[in-house]
Amino acid sequence: MAKNLNGELSIVSANRLVDGVVVFLDDAGQWTTTLERAALARDGRAAEILLDRARAEAASVIDPFLVAVVENDEGRLEPLSLRERIRASGLTFDAIAAEAVRYA
Amino acid sequence: MPDTHFYRYDSYDRTLLAERIAQFRDQVRRRLAGELTEEQFKPLRLTNGLYLQLHAYMLRIAIPYGTLSARQLRKLAEIARRYDRGYGHFTTRQNLQLNWIKLEDAPDALAALAEVDMHAMQTSGNVVRNVTADHFAGVAPDEIEDPRIWCEIVRQWSTLHPEFSFLPRKFKIAVTGSPNDRAAVRVHDIGLRLWRNPAGETGFEVIVGGGLGRTPMIGKTLREFLPRDELLAYLEATLRVYNRYGRRDNLYKARIKILVHEIGADKMREEVEAEYQAIKDGALKLSAETIAAIARQFAPPVLPSQPATVAAAEALKLEDRDFALWLKSNVAPHRVPGYAVVTVSLKPAGSPPGDASAAQMEGVAEIAESYSQCEIRVSHEQNLVLPHVAVADLPAVWRALSRLGFAEANVGKITDIIACPGLDYCALANARSIPVAQRISTHFAELAHQHDIGDLKIKISGCINACGHHHVGHIGILGVDKNGVELYQISLGGDVDFGRTALGAILGPAVTADRVVESVDALVATYLDHRAAGERFVDTYRRVGAEPFKERVYGAV
């Protein structure tokens, strides 16, 4: 069952099996770490087809699911929920570096 | 300096770990080859401490009873650097979480851990989790007996216990050997408090059914006094009753606290006692030899005689205000005169609480080797502890910690914040915790002001699961998601230290993220306006009630 499907536009995301990294399904049926390259479904039917396709390509990822997105003013995709925005763009603070002894 | 005063694995422990790692290595291989589905693999990785979070896998490493040797801390740094992004997060359960482990590297990381007698087993799943203890165990002047001896006995009993591998829900045990509880024993599934009865015998008060999370409860005493040698039989009886009657039909009602609440403490006691009577003289009765053998592994290090006061330290105290404040908040008395217990603050202003880089871990390990008998503790308040520092060495230790950024004189103060990883990392969270902690910490960074405010514990959780212990914060902050917006619910009056366990009460409507700092500021200002001499924040709150605080937060802000 699709998760977070609140909007009209949606993409498919998952975590990569080998390292857990967040990935998105692109138009070629490949998994990409770049949100901008994600295949976009513009209605519910297209979303179902996209998710089916993702599941067929799921050997290298974990549990694909739909993510509701919007297109911002510059035409870039942006997840609707904060959780998915954080998944897509990473931590919202700077983690300390391995050799650092001071938090920057 | 030899690190001989630690529990050392025997051949049984090492064989168990080696076999377990080999098994997991094969499971990972099969998963990567597509021979196992995620549904099949997930319970296998979880039982080895490997979670999948928002951005990556996370490895939760058990640090039994929060005790580490310098060698072990160095190895954790090495693993963080080699297999992760070079830093780790010390948790409220005295564990270490590495947030960026690759699945293919996980078996190698576990093998590296095993080199220093460590593992990640039972840091997930419905089993008895890592047993926690007072972080001042073995060194606190008020201690009756070192609780780690009993933690280790419980660890050996509960590790891969076949009967308790599929409990209704996870199970957390904490042990304190001191009347001044520093292990939060009343908010654990089972809390054990060692005490001495009027006959001079040492035994356990057994507290059952405490916990935080969705339904916070303070545990009930099932046994006022349990003879020490009967501990495992009583634990087995309690777990057996829970395993039999605990709810498996509803995840949110599956913890033992719900069972105790639903059937009542008297009925629970009756059931446990009946089971206990049937098994108490069996194989689980601990012999004096067994107890003594474990106790020998925790024999305190031989500490050379040291002066109780040192002129150089006294002079520096007068010359340097930061050192004086650090002595006041971060240094506690040791049971041996001439020694002190140093808390290493992992909460420098503006930093993520509990995080340490590999370089910082190695730095603390080096300080422990030079000045603390090679020993480090992890506290449930997400700090580290150097348990055996000579008073004469305090200036050197302070300078060394300052170079690491870990000499913030804020232990127990408003910036010594507990925070869970929150929505930045956690798949369960609804809201962020770390950025909120950072903003509060930055706002109140001025140390003299923190010391003027006095003891004030802020605890932040990013969801109702309460990993940040918000229910027992003097100020508790709970992140919630309302229609996609992060809101923060504030509660006041919680407490957990020194047997004063209390759950906080919600102050009023949740506030938006940008109002959290000003709300905390308003709470502090109210306290400063109303406090009587010697009162902590929470004491003033209890005396004057919620109204003035509520009025300042919701009326004037």
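# Questions about a predicted two-chain model

User: What makes Glu74(A) count as exposed?

Analyst: Glu74(A) has 6 C-beta neighbours inside 10 Å and therefore counts as exposed, since a residue is exposed if 12 or fewer other C-beta atoms lie within 10 Å of its own, buried if 20 or more do, and partly exposed in between, with C-beta atoms placed from the backbone. Glu74(A) is found in the loop between β4 (61-71) and β5 (77-79) of chain A, and its C-alpha atom is 25 Å from that of Phe93(A), a residue 19 places apart from it in sequence. This is a predicted model, in which local features need pLDDT of at least 70 and side-chain atom pairs count only at pLDDT 80 or more, while totals for chains, interfaces and linings use all residues. Residues are numbered from 1 along each chain as its sequence is written, and chains are lettered from A and ligands numbered from 1 in the order in which they are written.

User: What pattern does chain A follow along the sequence?

Analyst: Chain A reads β-β-β-α-β-β-α, with 2 helices and 5 strands, where helices (H or I, at least four residues) and strands (E, at least two) are DSSP runs numbered from the N terminus. Of its 104 residues, 32% count as buried, and the C-alpha trace of chain A spans about 50 × 35 × 25 Å along its principal axes.

User: How do you know that the span of helix α6 of chain B agrees with its number of residues?

Analyst: The expected span of a helix is 1.5 Å times one less than its number of residues, so the 15 residues of α6 (231-245) of chain B should span 21 Å, and the end C-alpha atoms are 21 Å apart, which agrees.

User: What makes α6(B) mostly covered?

Analyst: In α6(B), 11 of the 15 residues are buried, among them Leu231(B), Tyr234(B), Leu235(B) and Tyr242(B). What covers these buried residues includes α5 (148-158), β8 (190-196), β9 (202-208), β10 (220-227), α7 (256-263) and α8 (265-279) of chain B.

User: Why are α1(B) and α4(B) called roughly antiparallel?

Analyst: The axes of α1 (11-32) and α4 (106-114) of chain B come within 9 Å and cross at roughly 170 degrees, where axes are lines fitted to C-alpha atoms, for helices over the stretch in contact, and angles run from 0 to 180 degrees between N-to-C directions. Angles over 145 degrees count as roughly antiparallel, under 35 as roughly parallel, 65 to 115 as roughly perpendicular and the rest as oblique, and therefore α1(B) and α4(B) are roughly antiparallel to each other. The contact includes Leu17(B), Ile21(B) and Phe24(B) of α1(B) and Pro107(B) and Leu110(B) of α4(B), two residues being in contact if their C-beta atoms, placed from the backbone, lie within 7 Å. By class, this contact has 10 nonpolar, no polar and 1 charged residues, with Ala, Val, Leu, Ile, Met, Phe, Trp, Tyr, Cys and Pro counted as nonpolar, Asp, Glu, Lys and Arg as charged, and the others, Gly among them, as polar.

User: How many residues does the contact take from chain B and from chain A?

Analyst: The contact takes 36 residues from chain B and 28 residues from chain A. On the side of chain B that touches chain A, α12(B) gives the most, with 4 residues, and by class that side has 15 nonpolar, 11 polar and 10 charged residues.
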